[in-house]
Amino acid sequence: MAGRTIVITGASDGIGAAAARALAASGESVVLVGRSAAKTEALARELGVPHHLADYSRLSQVRRLAAELDDAYPRIDVLANNAGGLMGARTVTEDGHELTFQVNHLAGFLLTNLLLDKLIASRASVIQTSSIAARLFSRLDLDDPDADRSYSAEAAYGSSKLANILFTRELHRRFNDQGLAAAAFHPGVVGSNFAQEARGPMRWFYAVPLFKRTMRTTAQGADQLVWLASSTPGVDWQSGLYYEKRRPARSAAMAQDAQAAERLWDLSAEFVGV
């Protein structure tokens, strides 16, 4: 395969699939990771690229995925932690964590840490698909990260997206001096099916045709992922930051809290055993 090796999770649909198409067309060596075997295999055939399957609601599958990626690719130049979604009623996974927190944050945290030696050796970029929801809906409580005491689908989603930004900040602090770069971004309000499992106002908003016509296409939503993956950290963008419309942006006040970022890292490492 020509080009750099770019691993995209959540690549079977939505902005992940759109980014994969754009990056493959530009000559990059794209590796797809998806939950749906049918969708992931179909896109892999379309693009002529390799693929892997993992269900992020099971951390055992994330560990298996990491081993597969480590064995299959001598280097990984970009890891795009794009998998995620807006869930419905509160669900606890077999690993003991609230589903949104696990799928949107813990699974990507685990995958990144299991591949960390290879990512550092490759001087890789780690990209998190976050959201403006971190600023609008987050109620992240590091004393209750699994929302045992208080849960809503929107707050859980916003909190997980804030966790993506805090993870980016701490990944930069710990490993940028070893050559690793990290960034998070908001793709815009995209007319995809990511909220199909949700209930309440968010699902209604995404389902109403009038509102859907105002949303960005998946290709437009993938723009920043493609830009971050294909450009040079330290030149085109700065590591450790959160981006909207290709520019550094502010999120929730907690996103600037270095102690919160470090504490979230330590909690996450304890939860996933790394």
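A salt bridge here is a side-chain nitrogen of Lys or Arg within 4 Å of a carboxyl oxygen of Asp or Glu. By this rule, the count for this predicted model comes to 17 salt bridges. The close-ups below visit some of them, along with one glutamate.

**Close-up 1. Arg64 and Glu68 pair up within helix α3.** Arg64 and Glu68 both belong to helix α3, which covers residues 59–72. They sit 4 residues apart, or about one turn of the helix. Their side chains form a salt bridge in which the closest N and O atoms are 3.3 Å apart. Both ends of the pair are partly exposed: Arg64 has a relative accessible area of 33%, and Glu68 has one of 28%.

**Close-up 2. Asp70 reaches a partner in another helix, Lys118.** Stay with helix α3 and look at Asp70. Asp70 makes a salt bridge with Lys118, and here the closest N and O atoms are 3.0 Å apart. Lys118 lies in helix α5 (residues 116–121), so this pair ties together parts that are 48 residues apart in sequence.

**Close-up 3. Asp77 meets Arg75 in a salt bridge.** The side chains of these two residues come together with an N to O distance of 2.7 Å. Is each partner buried or exposed, or in between? Asp77 is buried, with a relative accessible area of 10%. Arg75 is partly exposed, and its relative accessible area is 38%. Elsewhere, salt bridges that share partners make one network out of Glu170, Arg173, Arg174, Glu262 and Asp266.

**Close-up 4. Glu46 has its place in helix α2.** We finish with a view of a single residue and its distance to another. Helix α2 spans residues 37–47, and Glu46 is part of it. How far apart are the C-alpha atoms of Glu46 and Arg21? They are separated by 9.1 Å, while the two residues are 25 residues apart along the chain. Glu46 is partly exposed, with a relative accessible area of 48%. That value falls in between the cut-offs for the buried and exposed classes, since exposed means over 50%.

Conventions
Residues numbered from 1 in each chain as written. Predicted model: local features only at pLDDT ≥ 70, side-chain atom pairs only at ≥ 80, totals over all residues. Heavy atoms only, no water. Helix = DSSP H or I, 4+ residues; strand = E, 2+ residues; numbered from the N terminus. Buried < 20%, exposed > 50% of the residue type's maximum accessible area, 1.4 Å probe, protein only.
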